[in-house]
Each structure stands twice: as C-alpha cells, then as structure tokens.
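Hello,

Here is the structure I promised to pass on to you. Please have it open while you read my notes below.

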Amino acid sequence: MALPESLRMSITPPELELISSQQLLEIVPLISMERTAFISGAYGPLRPPNKAIVPIWMAVNLKSKKKCHIVAPAWLNVDFLQDRLNYETSKPGFSDLPFRFMEISKVLLDVASDDLEDPDKLRSLLKDLREARQAKSRDGLKRLDHSELSLPNLSSMEINEIRPFFVQSMHMLTQLVREPSAA
Amino acid sequence: MSKLISSQAHDSGITCLVLSKDGSHAYTGGEDCIVRIWKMDEGPDYEPATASEADQAITAVAAADYCWLSGSEDAVVRQYVKDTSELTGHVWDASGVAVRSLAIDPTGKMVAITSDTFDVKVVHLEDITIVSQLKGHVGSVRRATWHPSSSLLTTSGSDGKIIIWKMSTLQPEIETIIEGIIPAIGDTSSHEYAHDCSAVWHTSGQYFYVASRAHEIVTVSRSDWTKTSTFSDKEVSGAITALAISVNGVYLASASKSTVHVWSTQTRRLIASHPGTPGATITHLAFSPREDLIAWTDSKGGFNRWPKAIPDNFPDPVKRSVATNAAATIPARPKTNLFDDIAEATTINALRDDNAELDPGFDDVDDDWIIDDLGGGLQDASEGAGKKQDAYVKEMVSITKAQPPFQPASTPMDRKKRLLAYNTIGVIEVTDQDTHHIVNVEFFDRSARQGYNFTDHFRYHLGYLGERGAVFACPAEEAHPAQVLYKPYGGWNKQGDWTYVLKRPGSSVLGVAAGGLRSSRSFRQKDDDSDLHGYGNVVIATSESDLTFLSGTGRERRIMGLGADFVSMAAGPEWVFVVHRAGSTTIDGSQNLSYSVINFEDFSVKQRDVLPIPKGHVLKWIGLTDQGAPAIYDSAGWVHILTKFRIPHHASWARVMDTNLLERRKGKDESYWPVGITESNLLCLILKGRQEYPGSPRPLIQELPMHIPFRLEEPKGELVERELLHISTALDSLEDELTTDAIVSRERAVDRELMLLIQAACKADNVPRAIELAKLLHQTETFGAAIKLADFYHLVGLAEKLRILQAEREETDDRLIAARNKRRRWLKPDPPLREVVQLSKSTANGSSRVDLLGDVRPPPTIERPRLARVTAPVIETTRYSSVAPAPVLLPRDPTPSLDAAVDSPSPSFGPGDGKRKRTEADDLDFSFATPPPPRQKTNPFARKPGQESRNPFARKSDGNNGRTIQKSESFFDKVGAAEDDAGGQAHAKRPFAKPPGNQEKGVVRQTTLFGMPPPKPKPKPGKEKEIERKTTTTKAKKGSGLNASASAAASGEGAEETQDSQATDIVMSDANTPASVAEAEPEAVTQDATESQDPQVGDSSLIANWEETQLVEVESQDL
C-alpha cells in the first residue's frame, strides 16, 4: 500500500469507519422487510413506521437508496456537542463521548445530513471538538512515560492517530529507561 | 343566476342604503340631496316616493321599527315616519360638520351619529335631549355599528381605530381599541373614505367582520378582540367597499368595485357572486330581512336588487329556526376556525354571566343561537373534525360541551396546511392553494404503496387511510353536494376510484373509514390478481344519522341507522369501530360516549359498550393496535385497549398506559398526539407546550413504551402482566392452530420472567406467592426449574406442591387445546365439539350415521358361511362390541371377510349402514356377501353370553399359546408370517380365498395385532384411533371384530387381521411388551372357561386372556 510510513503502522481511518459501521443505530424504515439473517446477525423486521435497530452499514445502505430515515443518536445533536465542547475547552481532561463518535458522525453527516438537525452547525462543532482534543493529546506528549499512558475518553480515531508516534516514543523511552537500570 | 332588478335612483356619487326592519321598504340617499323610498315588492319601473328636505348630499340613512332617519352633509339628522317621506323632526344638528353614519341600536331606542367631528353622539330617539358623547377617536368617525345585544357600540374612525364602547353602563366607556385593522384615511373626499369600514357584528354577537386595509374581510373575536380568521378567495380582489350580513348570520355579502360576493360564514368560502353594474362602485349592501334578496346602491346612483342570491342547495339566509328549516339548519357558530381559542367555548357562559345583569338583550340573542346550534352542530360538526377540544357543539343545556365528530389524528387548517389522516399506514396532508387544495398522500412503507398527490377542487375535509384504499369526503358547496371519494391502492390509473354523492340537500359527511385485510403483497407490483382480495370496505357516517356501508368498489351494501350522535370511527380488517354518543352529555361532565364494533361481513354488532372516558375529559384519538384491537386515547392521558374484542360481548377495556406518568414528561410541558399503537409502544407525535396538534413540518413519530399504570411499583410484575395480556390477545387471534412459534417464544420469555419472580418469592419465603406464580407458568417443562428453585431455597413444601401442580398440569388437557375449545365455543356457539367430530366422521364414511353413542344395540354381523359353521354359536357380542361403530371401521378395512363378518347387515343395525356394507361386500365378493344375512341372527345371540370374553375368541382360535406369544414379540416375524401366509391374499377382495385352515395364523396375527404397529397402514386405522378416543364403543366393536376374525380364522388372512387388530390396538401397542404378556398369562387362567366355549379355540386361552386384559386396559384409558 502506498501509504505514508506513519499510517502503515496502524489502521487507516476508512478501516476504522468500517469497524464502526458494525454498531447499531435506529432507523425509521420506509420499506418493509422480514427479519433477515446477515453474516453479522439477524436484523429486522422492518415495519414502517416503527423504528428498527440495524447496524450502521445497513442503515447507510438503505439510506443511500432512500429506503429509510436515520434517527440521530442521542449524542449527535447541537446541544450535546456544544456541552462537550465547553467541557473540552474549560477542563483538562477529555470529555465523555462515544468511543467511535468521529467515525459515526462522519458517516451520518455524509450520508444522512438531511435527517440531522442543523448539520452545518454539527460539522463545525465536531471540527472544534476534534481540534480541542487534538491539542490535548499533543499536550499529553509531555507526560509521555515509558511504561504507561492513560488517556481516558480518548476516541478510537484519536488513539489511532497518536499510536504510531506514541508507541515508537514509548519504545524508545523504555530503552532509555532500561539501560540505566540494567547498568 | 337570477336576474338583477336595477333602478336608477340618484345621480352619480356616494349613495347610501338601508332596508326597513320588516324588509318592505328600502331607503336610498345620494348626492342629489334626496332620499328615495322604495317598495321592495315593486319592479324596476316603480317610481319611489322621495324626501328632499336635505340641503346637501345625503350621507347616511337608518331605519327603526317606527321611523327612519337620514343624515346629510348639511349636518342635520332628520327623522321621518316609517315608510313615508313625512318629516317628524330633527334628531340632531351637528353644527356644520357632515354626518357620516347613522346607526340605530337593535332595540330602536338610540341612534349613534358619527360625523366629521371626533366625537360620536348617541341620541335617545324618544328623548333627543339625552345625548351621550363618546370621546376617543382622533379623527373623523366614519362608521358606527351596534352589537346585536345593544350593549356594545363599535365605531370606525378615520384614524384607523376601531373603538368598542361599552354602552350598558350609564356613562359609556371604552371597552377596547383595535388598531391596525382598518386603514387610516384622513381625506374625507377620497374614494376610500366612503368604503365600508364598519364592524359588522355577527348575529351571535361573538365576533364581527370588518374589511381590513389588506383588502380582506377579517373576523375579530369578541372574547379577546383579536383577528381570528380571514375570508379570501382568488376571485375576490381589490378593496372591499361594502359589507353586510344576513339576518340569520349564515351569509356575509361583500362588494369589491361593482361585484357582489356572498360568503358562507361557516366555511368562509365564496358561495355566489354577481358582477353588478360595470364601472360602478358599490357603496352600500343590505340583506333583506324577509326574503332571499340582496340590495345595493352604487356610485352611479343605481339601486339594485338581487333576488335569490343564495344558491338553492344552501340554507335560506332568513330563517333561523330549526323547526322551520330542519334540513338546512343554521350553524350558530360559524367555523371552528373562528374560535381559535379554547377559551372561547368555555367563556361563553362566563360572558353571558358578565352581561346578564347589565343587559338582558344579550341573553336573548345568545339563546336564539343555542337553539340554532343544535341543528347546526349536527350538520356542521364535521367541520370541526380536527379540533377535538376547542370546538364543542353547543348543547341545549350547555353545561357539558358535547364533543364534535372528528377523524382520528386530523388537524384543522393552520397556515394553509392540515392533516386529514395520520396513522401507521401513512399521512394525508392538505395544502390550501386558495382556489383549490393539493392533497398529498404519503405512505410510510414505500415498498408497499406509492405516495401520490392530486389537485382537489372539492376541498376534501375528511380523510382516512385504510389498508386497501384512501377515502376522502367533502362538504356540500355551491357547485356540488357533499360527496365521498374512494381511491383504492394499487393501480393509480384511477380505475378503481369512485365517488359517492349524498344527494339530499343539507346532508353532509361526518366521518369516513376504510377497512380491509392487510395486504401481504406490495400494491406496487402490477399483478393481474392484485385486486383478488378486493378493495376492502368503506363506511360513511352521514348527517342523516346513519352509517353507510359500501364495498371497496362502491357498491352500496347497507345504510345502518345509528341512533346516536356519531363521534368517530376507525376500521379494522373485518369490522369498524364506531364511537357515538347515545344521548346527550351528562350534567356532571361526562361525554357519555359509547362504542360499537360492527362486522363488515354481516353487519352484526360484535361489541357494544361504554367508553371508559373519565368525567370532564374528551376522547382524543381512536385507532387500532397492530394486533387489531381497538384503542383509545383521552384527554386525561390514558390509553385503553379493548381486550377479547374478537369474542362477542366479552370485550373489556384494559388501561395500558398513562402518559402523565411518563418518565420523559417530568418537568416538561408536552402532550402526545397518538397516531398508532404497536404491541409495546405508543406511536405518537410529541407536542410541546400547549400545542393542540402538530404543525408543519410534521415532527417525527416517537415511540413511547407503554406500561400498565399499576399502582404498586413492581416493574417485573407489570412486565409479566403486560406480556400475559398480549399473549392472550395473540391467542385469541388464532383460529384452529393451537399456537405459533412467536407465541411460544413469548411464553418462554414470560416464563423466564416468572421464574425470576418465583425466585424472589422463594427468597422472601413467600410460598403462596410462589405457588400462585407457578400456576401462571406456560410451559410444563418450566416446572422442573421451579422445583429446583424451591429445592435450592430448601422449601420442601413448596417443591412438593409444585410437583403436584406439575403432575396436574401434565394430566389435564393441554391448556392450548382448552383455549382453542374456548375460542370455538365462543365464536361458534351452535355446534358443540362432539357434534363436530360426528360430522366429520359421517362425512368421512360417506353416509349419514345415527348417533354412535346412542346405539346400544348389538352390532350387526354378517357371518361368512364357513366361519359361521365354526364360530357361530361361540361368537360373543358384548355390549361394547355391539355399540362399537364397527361399520365405520370395517368398511375401510381392506379385508372384506372380516368386515363382512362383523358388519354384515343385521336387523338391529341402521339401515343405511347395513346397506352400505352390503354393497361393499357385494362389490367385493358376491358369493360371500349373500350368505351372511341368515347367519347374523344366530351370531348375536351367541355373542351375548360371552360378553366378558369377547376377545378371547380370537385367541382361542389360536392353536398355540406359545406360538402366538413368540409372534407378538417380534413384529417383523409376524409381518413376515402374515405376508407369507397371505401372499396374494392380502388383497381384500379375496378374503375367503384362504381356507379356515389358517386359524393358527389368524390367531397369531391377532396377538400380534396388539403388540404390533400396523404392518400395512390403511386409512382406516387412523380414523379408528380417533373414534376410539372418543367412544368406547369403537373399541368394543373391535373386540368383536377380533372375535369375528377369530371365528373367521378359516379365512386366515394374516395381513388383514393384523390390520384389523391394529385398528383396535393402536393405543395399547406400547404396553404390549412381552413382559406384559407374561404378566397377563397367570390371570388368564380364570377366564379360560369362557374361552373354552369356543370349540375351535380350545387351547389358546392364555393368549386370549392376555388380549382381554389389554382390551380392558385400553378401554379404561379411553374412557
């Protein structure tokens, strides 16, 4: 793969997106379908106008065919994100967000922005969140330690982002630390 | 359109007009300074009288019962004698400023005079020295009008204000000032100044109409003095120059330029218009108080009369009594929309109270309207369909407002949009485009049905989405009577559409519903058989107090009289759920609603009872759950579901939800607008604040979990009870099947929950509770787990009791069968179970049979000649055997020899049977068939003595006990033997081919019969089984059959015999192990004596005994 060195060591964002698309999501189907078995499990039945819970990949697929409306997850709204952003900018720690919020929000904003309230505002909030959190994780570099790293509430995408560098650095630190003790 | 009667009355210029109170005369004034007095009965050539005292242009005329007044620009108000030009004096001299308007109050005592001064004068006609001056305007006052009760005076000033004066007090006060509706026009010489800006009170006194500066007619409610609605139509444009209301308040006439428009005040729709004189501007309009006529004067000085202005299919503009005008009653309260405010309905009484002491006249007016209202409400109630709460039909005794009819989940027109229907199938949304409506039908399941929209010129105001089609209804209008349109789903080519017209004038549609079976297939597929299942059923509730049932293709099926006020309805697959009010509302606040569930099929009423709506509350929604049960939601926030609704007269309302207790509702002001109910959820739209109905865009459907509002906070217990409710509903919906996978899995789930509850009970040492819960367990297997639980908690007593319960459960009939029997009993009252069985039997046999159980006569037997020789004396027919429906079993038997032996027609036997057997026998073997009859007689006697040992014969015929036992041990051996023996004999047709010499084998077969499963299964065995279960006789007969066979040992057809024996022994076969045989042997000795009777079978006693015991066993089981 013609990926930059840094990325080759970790999962690519599209792969993460793929993983996250296994998560379940509520939709309002526009077609009816019996309970159907897929490799990942049986989903359905779809009975409009009742809501159904399906994996994101399926929701995206249906949505792209205009066969469902996606019900935004509870955290994907302006109020909630604004609240988290405030936390993010005022407190040192990471705020409590779903582990894969980045992937999911990206997918939903791409595919179902018409089902979300105020998608533009959501986008900008997510962007702000990402920047605020990125700054914190960069900041965390200072506290890098050879043995452990605790970053509660870090999301999958962010972990993935810092992994190549952090792992390498920690490896290096380990070596540095071990030398003296060995000696 | 009727012809206009036009006369030239005055010179060009501003003219004014008034009609006398009795409508016999008209007074017109113009700039030529004269007033003409027209007799309304005369034609256009009539030369009117004139009053020409005025020095300047006449600007206003007014009429009271005994006089009329004219006002002119010379500032004098003159009084004349009624209907003549005789001047009686000056009422007022306005000291040089032009009089602009005169208004005599409804009682005829006072006249309000407006002039170019800022003050309004109110002069008492009887004593013109009593004058009130009303100061408030800051410009000349253009018009004045009186409230119908005389308690209020409204004046419209050139300053753009409408001032409402309270006249009931000694010194008039300003009640309120309304600004921003009428234009401010300072220039008294401008054309606009002469335009009508008066507040025209509706006769009910609850609101007035006024021409606004936006060139609309707006309605202003008296309750809060706000603009509530407007009249608009695409044909009407330009300034409103004159405005008038009919004496009964049903119609409003307006003039724009030269055109006169007539509006219905109820529907706010244009119902007629007249082009008038081209180029002229109409300055004054008036309805005749005694006939259907509108008169006006225009700026060219013309005086025009338009008789028959109101189209024939509309109520008369004059009559206001229900009695005189039953078909076309007058709605007292124009449109629900006029009363946006809930307060309106409820404040009427308050208002009346306020005014009662001040002004008796007010009450009079109001009371009139109450009377009219009753009729109007009936007719017009559907108009208010969407507004459930704020538009009450007024009642004679207006203590509890009766709820008007409504369509479930519909809304009133709001911002040019309304919903006609909203359910789990889809939405009907209407957009008002002024000249027409756009109806948009959207479905949730787009795979099944395709949404569509159409232009609607009829202004449908009711709609219903059914499983098979959508139905719409429109009110009567100028161009068409009320009608119903049904659009089935499927082909969108309008092929299936039909229209149903209510021809009778004044009829209207109060509600519509369409039902049908849920389609399993998509309506979008273009299959030829797409309409195989029909278009369902349509029900229409009309103002002629009936429910009209039509088929989906528009065939009228029945007009069912409904002896109640229709309120609402919803249609299911096979029936319609109708809510109605049998009488009036009660004095203590109950809506007094009841419901009926009426079958489409035969119009039978399945359920009929009262709706559980608390006092002081109204029904908000009705619908069906996804299981098909009727459900209601009321303003108290409760959801009720009708249980056991399939069983006639067993239904009851179960409260399944209280929306006030919802978790999410805490601390929020919101209400719920239901659209459907699934098993566990209430589908609704959530309305914020005090919203009454959803606006556009439509909010998403929310699912609220339903919890039975039990008072004890035990979520587990609640869950179990809720599930039990659903399961019982699901079970009720089954027909012949016992259960379904879905139900079983649900039951398992409930059992799991129950186990938890049992565990909790065990833990708490609450043995009675644990037992009670255990009794609710569905699956018998679960008892085992419950017992283990009890053991775990060392509750020995409980465990024992549970074991007893389990044993009991295992012994008794399957509860599912019991449930099915219950269903059958309830749903099909006539045939009890047993009869059903009999029927099936008789049909199976192809002959009608007498009651088998009742037939205790000995069985008819036909002996084979050969067998007869040997066995005839010995054969025993026991009671049992005689009762046995041998014929049933045997005819099927492939072995004719046996059949013939047992069944051959005997005198005792029913003729039909005997006949039948005979024919069979004949078919099979003529030679044998004939001989038997003589022998029969001998046989019956022979058998009777040996009742106890009927079976033994078969055995006796066996030569060898040991041999038989061996055979019985191994089924295959036996079969082999049988086959060997029988060879070709197996064929039924040659039973006798085998000589009696095969007795031994025959015996062998018999023994094996008991032990073995049928080697050659034939249809007969199965049937026999059934029969056996039900009737002991059958078994007995088989015993006899065995005997017969034993006696017929000569025939010796192994195969046949085995079959026969199978039939008898199926039940016992399990028990027929060698061991059991061995056990039976010792006992057998005692009975040998009887067996020995049979000369043929001397030595087979053991076997015979064994068989006997077996038989007895079987019989006891069966019994």
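In which loop of chain A does Pro45(A) lie? Pro45(A) sits in the loop between strand S3 (41–43) and strand S4 (52–55) of chain A; helices (H or I, at least four residues) and strands (E, at least two) are DSSP runs, numbered from the N terminus.

Before going further, a word on the ground rules. This is a predicted model, in which local features need pLDDT of at least 70 and side-chain atom pairs count only at pLDDT 80 or more, while totals for chains, interfaces and linings use all residues. Residues are numbered from 1 along each chain as its sequence is written, chains are lettered from A and ligands numbered from 1 in the order in which they are written, and side-chain values use heavy atoms, with hydrogens and water left out.

Back to that loop. The peptide bond from Gly44(A) to Pro45(A) is cis, with omega near 0 degrees. Pro49(A) is found in the loop between S3 and S4 of chain A as well, and a cis peptide bond with omega of about 5 degrees joins Pro48(A) to Pro49(A).

Pro49(A) also matters for the interface. Chain A and chain B bury about 950 Å² between them, 54% of it on carbon and sulfur atoms (buried area is the accessible area, with a 1.4 Å probe, that two parts lose on being put together, summed over both). Leu30(A), Pro49(A) and Lys51(A) supply 54% of the area that chain A buries against chain B, more than any other three residues. In contact terms (heavy atoms within 4.5 Å), 10 residues of chain A meet 10 residues of chain B. There are 0 salt bridges between the two chains, a salt bridge being a side-chain nitrogen of Lys or Arg within 4 Å of a carboxyl oxygen of Asp or Glu.

Chain B has some sheets to look at. One is an open sheet of 4 strands in the order S18-S19-S20-S21, with antiparallel pairing (two strands pair if DSSP finds at least two bridges between them). Strand S18 (200–201) and strand S21 (227–231) stand at its edges with a single partner strand each, so one side of each has no neighbour in the sheet. Strands S19 (residues 207–211) and S20 (residues 217–221) of chain B are joined by 5 bridges, and Val210(B) has Val218(B) as its bridge partner.

Finally, Asp434(B) has a positive phi, near 65 degrees, in a residue other than glycine. Look for Asp434(B) in the loop between strand S30 (426–432) and strand S31 (437–443) of chain B.

Best wishes
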